[in-house]
Amino acid sequence: MNAAIGQARATYESVFIPAVRARSGSQFMLKAGIDTPADGLEHIWIAPISISAQKITGTLMNEPVHFKAHAGDEITFAPNQISDWSFRRDGKLHGNYTTRVMLPDIPAEQAANLRAQLAPLP
């Protein structure tokens, strides 16, 4: 998983940001590791609203389990908290590095459906 996070971070500036700027896709999302009260991290998908070199503001895409917030809430985090990115272009999902790592652990039908949607990695 750490290698997948490293790959996502390594391609964030070269692939994700240019796609956002050019609007060459849809459903742009970032996964970020958010600090939890129990001194851990919860990795959660966020739809970015505003991206700068210092901070990212976005909307929580799902319900957090380990920190107090709700799906739809706005959250701000630092770029170094990014653990994955995703967007859809030409019917394919780009990025999703951590999702690819989890494919062997999810039900076969769901994994096959995801594999069919995933674009080759850059």
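Asn 96 comes out as buried, at 6% relative accessibility, where buried means under 20% relative accessible area, exposed over 50% and partly exposed in between (1.4 Å probe, protein chains only). The model is predicted, with local features needing pLDDT of at least 70 and side-chain atom pairs counting only at pLDDT 80 or more, while totals for chains, interfaces and linings use all residues. Residues are numbered from 1 along each chain as its sequence is written, and side-chain values use heavy atoms, with hydrogens and water left out.

Back to Asn 96: this residue sits in the loop between strand S6 (92-95) and H2. Helices (H or I, at least four residues) and strands (E, at least two) are DSSP runs, numbered from the N terminus. Asn 96 has a positive phi of about 60° despite not being a glycine. Most residues other than glycine have a negative phi. Asp 39 is another non-glycine with a positive phi of about 60°, but this one is exposed, with a relative accessible area of 77%.

Asp 39 belongs to the turn of a hairpin made by S1 and S2, with five residues between the strands. Strand S1 (residues 26-35) and strand S2 (residues 41-51) are antiparallel and share six bridges; for two strands to pair, DSSP has to find at least two bridges between them.

Next, the pocket. The largest pocket holds about 250 Å³ of space. The search runs on a 1 Å grid over the protein atoms alone: a pocket is an open set of points where a 1.4 Å probe fits, with protein on both sides within 12 Å along at least five of seven lines, and lining residues have an atom within 4 Å of a point. Grid points are joined across faces, edges and corners, and the volume is the space filled by probe spheres set on the points. Among the lining residues are Gln 27, Met 29, Trp 45, Arg 88, Asn 96 and Leu 114. S1, strand S5 (82-89) and helix H2 (97-102) each give two or more residues to this lining. Met 29, in strand S1, counts as partly exposed at 21% relative accessibility.

As for aromatics, the structure holds seven aromatic pairs. Rings of Phe, Tyr and Trp (its six-membered ring) pair if their centres lie within 6.5 Å; planes under 30 degrees apart are stacked, over 60 edge-to-face and the rest tilted. Phe 16 and Phe 87 make a tilted pair, 6.4 Å centre to centre with 55° between the planes. This pair links distant parts of the chain, 71 residues apart, with Phe 16 in helix H1 (residues 2-22) and Phe 87 in strand S5. Both of these Phe residues are buried. Trp 85 and Tyr 97 pair edge-to-face, at 5.7 Å centre to centre and 65° between the planes. Trp 85 lies in strand S5 and Tyr 97 in helix H2, so their pair ties together parts 12 residues apart in sequence. Trp 85 and Tyr 97 are both buried too. Ring pairs join Tyr 12, Phe 16, Phe 28, Trp 85, Phe 87 and Tyr 97 into a cluster.
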